[in-house]
Amino acid sequence: LQGKIRFANSGSPKEAGTVPGYDRTSYNRAPGNLSNHNNWEVDGVFAGWTASNVVASSEQIAELSWEIWQAHSVAPKEFVDQMIPGTLRIYGLGAFNVGLFAGGQRGPLGKGYGHLGATYGYQSIVGFFPELNVSVAIATNIETDKQVQTPDSLCFSYHVAAGLLTNKTYQCTFATQGYYGGRCTCVEKQATGFTNVNLVV
């Protein structure tokens, strides 16, 4: 990944070679009004926060996640273990329990670690799911108030991958519940009907 992932510490997203990013938030606006601003040529989007300076493809971020959580090539395992959030806890050391709002299940299949990302005009999420040894990264070129598009997409895409790896079929729904949370609810189709799995954060 060296030479592929880079940090843009100054300049605009356009200068960094990214796609245009659109601010569709209501921050600092009159009630009921959303921004509709293309931040592609705005200096200062890379504001110095760690994740917002990363310029990489979703594939590269998924690979980085796997290198952190599975291969332990980025940091020693004893440090990575400190990053793993406890059961029903939101944070480990610098990592979210993405399984709480995008895992859609209780038990080993619903366990996931990673982080949300947001900067002006862009939002993202990455999750590593140890039961299936799968990393999924989602990147969008739109910023919304509740960043619903990223955990929603993670919920569905992870369960497609889980279904392929386990030879099962999952039907999922996602309901937004604030900036960091939501409810990914998945049911596993079985020959005798459906088994309901509900997870609320």
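**A walk through the chain**

Begin with the whole chain in view: among contacts (heavy atoms within 4.5 Å) with a separation of 6 or more, residues 24 or more positions apart account for 49%. You are looking at a predicted model, in which local features need pLDDT of at least 70 and side-chain atom pairs count only at pLDDT 80 or more, while totals for chains, interfaces and linings use all residues. Residues are numbered from 1 along each chain as its sequence is written, and side-chain values use heavy atoms, with hydrogens and water left out.

**The overall picture**

Colour by secondary structure and you will find four helices and eleven strands; these are DSSP runs numbered from the N terminus, helices being H or I of at least four residues and strands E of at least two. The radius of gyration, taken over C-alpha atoms, is 18 Å, close to the 17 Å that the globule rule gives for 201 residues, so the chain is as compact as a globular protein of that length. That rule is 2.2 Å times the number of residues to the power 0.38. Of the 201 residues, 42% are buried, meaning under 20% relative accessible area with a 1.4 Å probe and protein chains only; exposed is over 50%, and partly exposed lies in between.

Select residues 122-129, strand β6: seven of its eight residues are buried. Strands count as paired if DSSP finds at least two bridges between them. Y113 stands opposite F128 in β6. The two strands form a hairpin with two residues between them, and G121 in the turn has a positive phi of about 95°.

Next, select residues 134-140, strand β7, also antiparallel to β6 and joined to it by seven bridges. Look for G127 opposite V136. Four residues separate β6 and β7 in this hairpin, where N133 in the turn has a positive phi of about 55°.

**Stop two: a three-stranded sheet**

Move on to the open sheet with the order β3-β2-β8 and mixed pairing. β3 (37-38) and β8 (142-143) stand at the edges with a single partner strand each, so one side of each is left without a neighbour in the sheet. Select residues 22-23, strand β2: two bridges join β2 to β8, and they run parallel. Y22 has I142 as its bridge partner.

**Last stop: Q171**

Finally, pick Q171 in strand β9 (residues 170-176). Q171 is partly exposed, with a relative accessible area of 38%. Draw a distance from its C-alpha atom to that of A75, 96 residues away along the chain, and the separation is 36 Å.
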